[in-house]
Amino acid sequence: MLKKDLLTEIRVAAASTAIGMFALVTLTVVSYAVGSASLEPVVEASLLWIVLFFSSSVGLSRTFVKEEETKTAVALRLTAQPSVVFGGKLIFNCVLMLLLATLLVPLYLVFMTVSVPSPLLFLAVLCVGLLGLAGGSTIIAAIISKARVKGPLFGVLSFPVLLPLLMLLVRSTTLVFEGSNWSQVSSYILGLVGFAGAMITASFLLFDSVWES
Amino acid sequence: MPAEKRVPAVLWWQVLIGIWIAVVIWAAFNWIPQTMNLGETSRIAWFHIPVAWICVLAFGTAMVCSIGYLRSRRLVWDDRAVAAAEIGLLFAILATISGAMWAKRAWGVFWNWDPRESSIIILLLIYGAYFALRAAVDDPERRAALAGVYNILAFITVPYLIFVVPRIMASLHPDPIINTGGEGGMDANMRMVLFAGLIGQTMFFFWIFNLGTRLRRLAREVLHE
């Protein structure tokens, strides 16, 4: 499942170019608007996650819509177990998010002149956050693939559900930018892991109902 | 044709619920001594806290009903889930408005973005999105299934919003409401009235929930005869 999606993506590069371009454009706008003003860590953290969040929604919403449109969904239902389908899509989305971050975060740090006192901590928060975003978005993508209005509906459904995640992410990234050490940020990271874990577990359990409807 | 039983316009227990809640509100304003350090403005707590509790109860009920639908595939469970979600949304709005009124009096501004306020806004958005999703799907069974899945996902965020988020962010936003609301500063009388308020609102919830479910089910059966 994962291999198929990766191959398709490498050949067609539909989702990743959309995400990448959106992210670059947004970053440019933000960086230009801020100019040479130096920002508080809280604002730096917020802007980073806003760019990441909205860029991801552009690409992740099409996870299942693609299958429905090309009618490959029927073939998948016949041949593969639902959990396998979902697992493959989930891992693919995680990979997509990590790629997005690899592109965007260094550019963000450079353009917005952000200093990161402890890179490892920053990476930890980033990874957990991206996985949480991917986890929540994948099941929502499955839900909207069966609905009528698809595109805007993805935003309407996923943003509120992912807002607690975002709130925790912005707080913890602020702490990281301010130079906190592990002990101060660890409770946030645990909270993030818990949220992402709960979402992904529930998604696996619920995916059957969505896939078969 | 057999003579039909005359159903009275108002049943005895409906009147009881009305009187109960009225008494609770009266007691909150006239009977409880003013001992909380927030002063007279804190009396709205006896309305605000039960309302917030019912909001969570309603969303929890909606989740249980969604699970019921996904397991049994009987549409009556979907009726129940929607009825509960509607009540939850209504009570969330009531909780937000009463909270904002209280905040204006106690702190001077209607909105502060403190953890609990943020949580209620997120809840409003999440369950508003639930109704948007329902509007976007035409087939009743598919709508019930998709909405049910979303309902369950949505409720997973609720424990986070209620318990985890205020604890984690407590250090940045000291909020006297969270601490004095339940634990400190309440004597036996206050607790009793609060408990009575919770019971009264819970009864009210079950009444409206039952009404909403029956209405929906009737509408569905009549329209699809």
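This note goes through a predicted model with chains A and B, point by point.

1. Basis. Because the model is predicted, local features need pLDDT of at least 70 and side-chain atom pairs count only at pLDDT 80 or more, while totals for chains, interfaces and linings use all residues. Residues are numbered from 1 along each chain as its sequence is written, and chains are lettered from A and ligands numbered from 1 in the order in which they are written.

2. Chain A overall. Chain A has 9 helices and 0 strands; helices (H or I, at least four residues) and strands (E, at least two) are DSSP runs, numbered from the N terminus. Of its 213 residues, 43% count as buried. A residue is buried if 20 or more other C-beta atoms, placed from the backbone, lie within 10 Å of its own, exposed if 12 or fewer, and partly exposed in between. Among contacts in chain A with a separation of 6 or more, 83% come from residues 24 or more positions apart; a contact means C-beta atoms, placed from the backbone, within 7 Å.

3. A:G87. This glycine sits in helix α6 (residues 82-111) of chain A. A:G87 counts as partly exposed because it has 18 C-beta neighbours inside 10 Å. A:T138 is 51 residues away from A:G87 in sequence, and their C-alpha atoms are 9.7 Å apart.

4. The A-B contact. Chain A gives 27 residues to the contact and chain B gives 27 residues. On the side of chain A, the elements with two or more residues there are α7 (119-144), α8 (151-178) and α9 (182-212). That side has 20 nonpolar, 4 polar and 3 charged residues. Here Ala, Val, Leu, Ile, Met, Phe, Trp, Tyr, Cys and Pro count as nonpolar, Asp, Glu, Lys and Arg as charged, and the others, Gly among them, as polar.

5. Helix α7 of chain B. This helix (residues 188-223) has 36 residues and spans 52 Å from its first C-alpha to its last, close to the 52 Å expected at 1.5 Å a residue; the expected span is 1.5 Å times one less than the number of residues. Its buried residues include B:M190, B:L194, B:F205 and B:F209. Among the elements covering the buried residues are α1 (12-31), α2 (45-72) and α3 (75-107) of chain B.

6. α1(B) against α7(B). The two axes come within 9 Å and cross at roughly 150°; axes are lines fitted to C-alpha atoms, for helices over the stretch in contact, and angles run from 0 to 180 degrees between N-to-C directions. The pair is therefore roughly antiparallel, the term for angles over 145 degrees. Contact residues include B:W20 and B:I21 of α1(B) and B:G197 and B:G200 of α7(B). By class, the contact has 11 nonpolar, 4 polar and no charged residues.

7. α3(B) against α4(B). α3(B) packs on helix α4 (residues 115-135) at about 150°, with the axes 10 Å apart, so α3(B) is roughly antiparallel to α4(B). Among the residues making the contact are B:G88, B:A92 and B:G99 of α3(B) and B:L124 and B:G128 of α4(B). The contact divides into 10 nonpolar, 4 polar and 1 charged.

8. A backbone angle to check. B:R73 lies in the loop between α2 and α3 of chain B. Its phi is near 60°, a positive value in a residue other than glycine. Most residues other than glycine have a negative phi. B:R73 counts as partly exposed because it has 13 C-beta neighbours inside 10 Å.

How values were computed
Two residues are in contact if their C-beta atoms, placed from the backbone, lie within 7 Å. Angles under 35 degrees count as roughly parallel, over 145 as roughly antiparallel, 65 to 115 as roughly perpendicular and the rest as oblique.
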